[in-house]
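Good morning, and thank you for joining.

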Amino acid sequence: MYRCPPLLLPLLLLLFTPLLHAADEGVLQIIETQCKHCHGAEGEASSTVFPRLAHQHKNYIIKQLTDFREKRRIGTMNEVAAKLTDSEIVGLADYFSAKPALSHRVRDMDLAGVGHFIFTRGNPYSEVPACNTCHGENGEGSDTLPRLAGQHKQYISLQLQEFDRRTRNNDNAIMHLIASRLSALEREAVALYASGLR
Ligand code: HEC
Ligand code: HEC
């Protein structure tokens, strides 16, 4: 069997490190000059209408950035995403998915209680499925399903309204059906509850 001479491996690493570094530098530059202003350098988001990206799943971020680029999802992000290459998208997703998770302190416990019911049991009277069947027991999401835990309440509420109106329709209609069955109270309650999950 061929064995790599002991010196060859460090040498190869030395050769390729500048290349790897260059890619990282490019991505960091994009974050510093663009993403940071709205999503924060740590993915914490500078306003409650901008989604938190901290600890969001890598493949979900890749899908959303690609959808924005190809105009399958319409919004503020179309212009930003239009200029991104596939490898930059992967680098950006790597960066934000690795940032530590954040959460909100919930004060209105009555409203959060309604949200807890919807999140864990849905609304059997209007056929709303429990959110945790897809988004995870604690809103942690999965490889392809977004993390909701610790997301801004206002952003969650806005997305649910967009799914309802079909102004966001890159979800294969799954979220449209669910959002169309939520009352305004249920929507605000579940958004508040999810924002406090960690
Ligand atoms: C001008 C503010 C702004 C800038 C700059 C910006 N974003 Fe966004 N981003 C938004 C808003 C607002 C949304 C929510 C969707 C919408 O309303 O269009 C969003 C949504 C997203 C989403 C989808 C999140 C989700 O949970 O579905 C991702 C991923 C994202 N942005 C990544 C980035 C990256 C990476 C950059 C830098 C290249 C960036 N954004 C730059 C405002 C911005
Ligand atoms: C059958 C599975 C399923 C159920 C049940 C479900 N969702 Fe979703 N949800 C999805 C999928 C899939 C997406 C991602 C769509 C995409 O790729 O753009 C999503 C996306 C979302 C988003 C957008 C997140 C972001 O970062 O932009 C929100 C908010 C959301 N769901 C809230 C809820 C709430 C609240 C409930 C319960 C009332 C719920 N979902 C139940 C499958 C589900």
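This is a predicted model: local features need pLDDT of at least 70, side-chain atom pairs count only at pLDDT 80 or more; totals for chains, interfaces and linings use all residues.

**Ligand surroundings and a helix pair**

Around ligand 1 there are 20 residues, and those that come nearest are Cys35, Cys38, Gln64, Gly75 and Thr76. As for residue class, the shell around ligand 1 holds 13 nonpolar and seven polar residues, and no charged ones.

Let me turn to ligand 2. Here 21 residues lie around the ligand, with Pro129, Cys131, Cys134, Pro146 and Asp171 coming nearest. The elements that contribute two or more residues to this shell are helix H6 (132-135), helix H7 (153-165) and helix H8 (174-180). By class, the shell around ligand 2 comprises 15 nonpolar, four polar and two charged residues.

Finally, the helix pair. Helix H5, residues 109-121, packs against helix H9, residues 184-196, at an angle of about 90 degrees, and their axes are 7 Å apart. H5 is therefore roughly perpendicular to H9. On the H5 side, the contact includes Leu111, Val114, His116 and Phe119; on the H9 side, the residues include Leu185, Glu186, Glu188, Leu192 and Tyr193. What is the make-up of this contact by class? The residues divide into 11 nonpolar, three polar and two charged.

How values were computed. Residues are numbered from 1 along each chain as its sequence is written. Chains are lettered from A and ligands numbered from 1 in the order in which they are written. A residue is near a molecule or strand if its C-beta atom, placed from the backbone, lies within 6 Å of it. Ala, Val, Leu, Ile, Met, Phe, Trp, Tyr, Cys and Pro count as nonpolar, Asp, Glu, Lys and Arg as charged, and the others, Gly among them, as polar. Axes are lines fitted to C-alpha atoms, for helices over the stretch in contact, and angles run from 0 to 180 degrees between N-to-C directions. Helices (H or I, at least four residues) and strands (E, at least two) are DSSP runs, numbered from the N terminus. Angles under 35 degrees count as roughly parallel, over 145 as roughly antiparallel, 65 to 115 as roughly perpendicular and the rest as oblique. Two residues are in contact if their C-beta atoms, placed from the backbone, lie within 7 Å.
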